[in-house]
Amino acid sequence: LKDYLYHLTPSAIIKVITKKLINAGRHGSLSVDSFAAICFVFLLLGMGLAYNYTSKGNFLLLQSVVIVILGGIAGGFVPIFILNVAINKRKKTILRQLPEFLDLLCVSVQAGLTFEAAVNNILQRFKGPLGDEFYQAIDDMRMGMPRRTALRNMTERVDLPELTFLLHQ
């Protein structure tokens with residue numbers, strides 16, 4: 001079912017959902033087709049609840065159909081709303097962690113460590129989404145990716161202007 005739904009979904013929507021899943025830090029744990037299946041289940045749930053509501057009321061057929069359709073639309077948007085909340089929460093956490101991370105990075109570099117060594121040292125004690133993103137960037141650099149590309153990829157995953165401005169100067 002989820003593969004079928006994935007093929008029915010327009011490519012522009014797939015790109016948007018992919019970006020949102022990456023921004024939420026869920027790109028490894030939740031695929032686009034799984035997310036589409038979750039949206040479909042919530043759409044059906046919304047339609048079912050709306051149908052249950054209209055079947056107990058005194059509605060005209062057209063009113064019932066409109067309410068059921070609107071219930072389905074509302075239900076289908078619940079996972080998207082939850083994903084947006086997760087993205088905003090993650091961004092706020094990263095913004096909160098950024099000053100401490102930068103302070104530790106400055107102290108480590110001033111003590112004579114290279115950028116990669118300083119970040120590795122900080123990551124030994126640093127937990128949370130910012131640490132996860134820097135860990136991914138360091139891992140990309142270990143695999144041979146240039147530092148600039150690894151950091152640019154990180155800023156695209158996070159999609160936070162403050163981090164983008166800081167790392168692309």
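Glu 133 is a residue of helix H6, where helices are DSSP runs of H or I with at least four residues, numbered from the N terminus. The model is predicted, so that local features need pLDDT of at least 70 and side-chain atom pairs count only at pLDDT 80 or more, while totals for chains, interfaces and linings use all residues. Residues are numbered from 1 along each chain as its sequence is written, and side-chain values use heavy atoms, with hydrogens and water left out.

**Exercise 1.** Work out whether Glu 133 is buried or exposed, and which residues are in contact with Glu 133.

*Solution.* Begin with the cut-offs: buried means under 20% relative accessible area and exposed over 50%, with partly exposed in between (1.4 Å probe, protein chains only). Glu 133 has 3% relative accessibility and therefore counts as buried. Next, take contact as heavy atoms within 4.5 Å; leaving aside neighbours within four places in sequence, Glu 133 touches Arg 90, Met 154, Arg 157 and Val 158.

**Exercise 2.** Find which residues of H7 are buried, and where they lie around the axis.

*Solution.* The buried residues of H7 are Ala 150, Leu 151, Met 154, Thr 155, Arg 157 and Val 158. They cover an arc of only 160° (taken from the directions from the helix axis to the C-beta atoms), which puts them on the same side of H7.

Definitions and conventions
Helices (H or I, at least four residues) and strands (E, at least two) are DSSP runs, numbered from the N terminus.
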